[in-house]
Amino acid sequence: MTAWTLQRRQFVVAGAAALATAALGGCERTTPPLLGGFTGIDMARGHQLRDLLKNGSLPAPSVVRRAQVVIAGGGVAGLAAARALRLAGVHDFALLELEDTPGGNSRGTLVGGLPCPQGAHYLPVPGDDAREVQDLLEELGVRQRVAGRWQYDERHLCHSPQERLFFDGEWQEGLLPVHGVGEATLAQYRRFARAVDAEARAARFAMPAIKLWSQKQPLAPAHQALDAITFEEWLAANGLDDAHLRWYLDYCCRDDYGAGAARVSAWAGIHYFASRHGFHAPGEAADEARESVLTWPEGNGWLTQRLAEPLQSSAPGGGQLRTATSVLRITEGRHGVEVDALNHRTGNVERWVAPQCIVALPVLLAARVVQQPPAFLTGAAQRLQWAPWLVANIHINSPLADRPGAAPAWDNVLYADPTAGGLGYVNAGHQGLDPRAALTGPTVLTYYQALGDVADSRQQLATQPWQHWADATLAALSVPHPDLRERATRVDITRYGHAMAIPTPGVLEYLSKIGLHRATRLPNKLSKTEQTPWVPTPTTARLAFAHSDWSGYSVFEEAFTRGHGAGLVAAG
């Protein structure tokens, strides 16, 4: 975040506070001290790992342990791989995770005793291309077949009102700017809707995208053309230059990819809509079922917590999860794999020996720890770029004053300068069984900043104190909520230095050429929809790589499908 942005925001919030004081006749208010700190990601632990790898002199292991499979990384992909192994009847495995809790970008926490997300906060209702995710949701009771049709439990579907936008001084329903815009803007909305539809007819889009790849044709020619240019270049070529449309599309790119339309590929920009619910201009009919999302007070942490539960030591057949453990080195040999890992609780290096290893680490880290890495791994690490993110959980002790317009919603977005990276906030209490509680009592607002386009943001995340980020967050949200600072009691900041891969031009074509792996054995315990002939994971003789990075962007469906496929490979 630039100093100019901070000064501008501080000026705005100072002006808002002055107006609020004037409205009260100059009465002074007592603002409670703000508590908070960094949470969720142990950046010092990550830097310790970085420094050890840079020095090249890793400590010798003090103990040797054995397993049938070692999973390096406990994000969504690693947890999905563990589930696939268990379904295949393989229980002799160990999952090694750097942080104290698994889940990667999809973890939840408690702030002031209230559940809230520390990362990803929703999952679109999956289509049939994401059958592995559908099976998981069925297993967890989120969906079931009723009278021959699939139905989702209403408790898990996002409650209404779902989203609103703070635009031109007031709240409006939906996230596309519509109030007071001219006919020229509306015409461009309609043109973009037709353009998305045309691209979807030229070559099918899917979520996860891996389901479109094949051995004979990894990437369709139409997708190759879109992947070769930025989304901004595609918009310009199609005469789509309206400022309101551009703001909205830039917001969408930052929301899913961590960077704006000037950096992501045109394929990624179109994929955001074409793989899900399309794009509908105001007044056009929309498929409400396709636009539904699943969410929980703790966001996608609800899913990762349930994926991790069977791996806990107290669970039947559990004990596979080893947290606070940094993978230092993965060495593939003719007869097995050696994985050296630092146990941060004991300070000792442990060596795991196994016939197979699932590398469910970000590509950047995998390329550093895998010894003599395969060419496709080093190639991917050289091509991929990653966006830093910041998540701020703000505990408020009572409801906020609101600007005119639409009622408080789950997702609340601000029409603002995109260079600061702000994406707005979700109300963690909105999804509770009694939504009225979020309007009458304490709740947590989870604010997101995608910092992929902010200069030196990774360095700032590492060096600025938590108060710096808390002040900037409160300043941004005080524009629609002038009394926020009076209500806020605590702000917990979660930093992600390399949160997600950015699908820049050319990345998808490279990744699609790595190829798919045919599973040698499909266990009977897997459901029919899970028994696919081609498994989406790059492999060597004893390593199976699984992470959303291999899709070039980070969403639950990509990570879970790739992790599930890697589990099938290791089980076979």
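Me: Accessible areas come from the Shrake-Rupley method with a 1.4 Å probe. On that basis, what does the accessible surface of the chain come to, and what share belongs to carbon and sulfur atoms?

Reply: In this predicted model, the accessible surface of the chain is about 23,200 Å², with carbon and sulfur atoms accounting for 51% of that area. Of the 572 residues in the chain, 54% are buried, a label that requires a relative accessible area under 20%.

Me: Why are α4 and α19 called roughly perpendicular?

Reply: Their axes come within 9 Å and cross at roughly 90 degrees; angles from 65 to 115 degrees count as roughly perpendicular, and the pair of α4 and α19 is therefore given that label. On the α4 side the meeting residues are Glu-132, Val-133 and Leu-136, while α19 contributes Phe-556, Glu-557, Phe-560, Thr-561 and His-564. By class, the residues of this contact comprise four nonpolar, two polar and two charged.

Me: What makes α8 and α9 roughly perpendicular as well, and which residues form their contact?

Reply: Helix α9 covers residues 266-274, and it packs with α8 at an angle of about 90 degrees, the axes being 10 Å apart. Since that angle falls in the 65 to 115 degree range, α8 and α9 are therefore also described as roughly perpendicular to each other. From α8 the contact draws on Tyr-248, Leu-249, Cys-252, Cys-253, Asp-255, Asp-256 and Tyr-257, and from α9 on Ala-268, Gly-269, His-271, Tyr-272 and Phe-273. The residues of the contact of α8 with α9 divide into eight nonpolar, two polar and two charged.

Me: Which residues have the most contacts inside the largest nonpolar core, and what makes a set of residues such a core?

Reply: A nonpolar core requires buried residues of the types Ala, Val, Leu, Ile, Met, Phe, Trp, Tyr and Cys, joined through side-chain atoms within 4.5 Å. The largest set of this kind has 90 residues, and those with the most contacts inside it are Phe-192, Phe-231, Trp-234, Phe-279 and Ile-330. Helix α8 (residues 243-257) supplies the largest share of this core, with eight residues. Another core, of 41 residues, lies apart from it and includes Val-69, Ala-130, Val-142 and Ala-559.

Me: Which residues does Trp-234 touch, once those up to four places away in sequence are not counted?

Reply: Trp-234 touches Phe-192, Ala-195, Glu-199, Leu-226, Ile-229, Leu-240, Ala-266 and Ile-270.

Me: What places Ser-62 in contact with a part of the chain 286 residues apart from it?

Reply: Ser-62 sits in the loop between α2 (43-55) and β2 (63-66), and its C-alpha atom is separated by 6.4 Å from that of Asn-348, 286 residues apart along the chain. A contact needs heavy atoms within 4.5 Å, and Ser-62 is in contact with both Asn-348 and Val-349 when its neighbours within four places in sequence are left aside. Across the chain, among contacts between residues at least 6 apart in sequence, 75% join residues at least 24 apart.

Me: Why are Gln-372 and Asp-456 called exposed?

Reply: The label asks for a relative accessible area over 50%. Gln-372 has 77% relative accessibility and therefore counts as exposed, while Asp-456, with 59%, is therefore exposed too. Gln-372 lies in the loop between α12 (363-369) and α13 (375-383), and Asp-456 in the loop between β21 (443-450) and α15 (457-463). Neither is a glycine, yet phi is positive in each: near 45 degrees for Gln-372 and about 60 degrees for Asp-456.

Me: Which residues are joined by cis peptide bonds, and what is omega in each case?

Reply: Ser-160 and Pro-161 are joined by a cis peptide bond with omega about -5 degrees, and Met-207 and Pro-208 by another with omega about 5 degrees. Pro-161 belongs to the loop between β9 (149-152) and β10 (163-167), whereas Pro-208 belongs to the loop between α5 (183-202) and α6 (221-227).

Notes
Residues numbered from 1 in each chain as written. Predicted model: local features only at pLDDT ≥ 70, side-chain atom pairs only at ≥ 80, totals over all residues. Heavy atoms only, no water. Buried < 20%, exposed > 50% of the residue type's maximum accessible area, 1.4 Å probe, protein only. Helix = DSSP H or I, 4+ residues; strand = E, 2+ residues; numbered from the N terminus. Axes fitted to C-alpha atoms, helices over the stretch in contact; angles between N-to-C directions. Parallel < 35°, antiparallel > 145°, perpendicular 65-115°, else oblique. Nonpolar A, V, L, I, M, F, W, Y, C, P; charged D, E, K, R; others polar.
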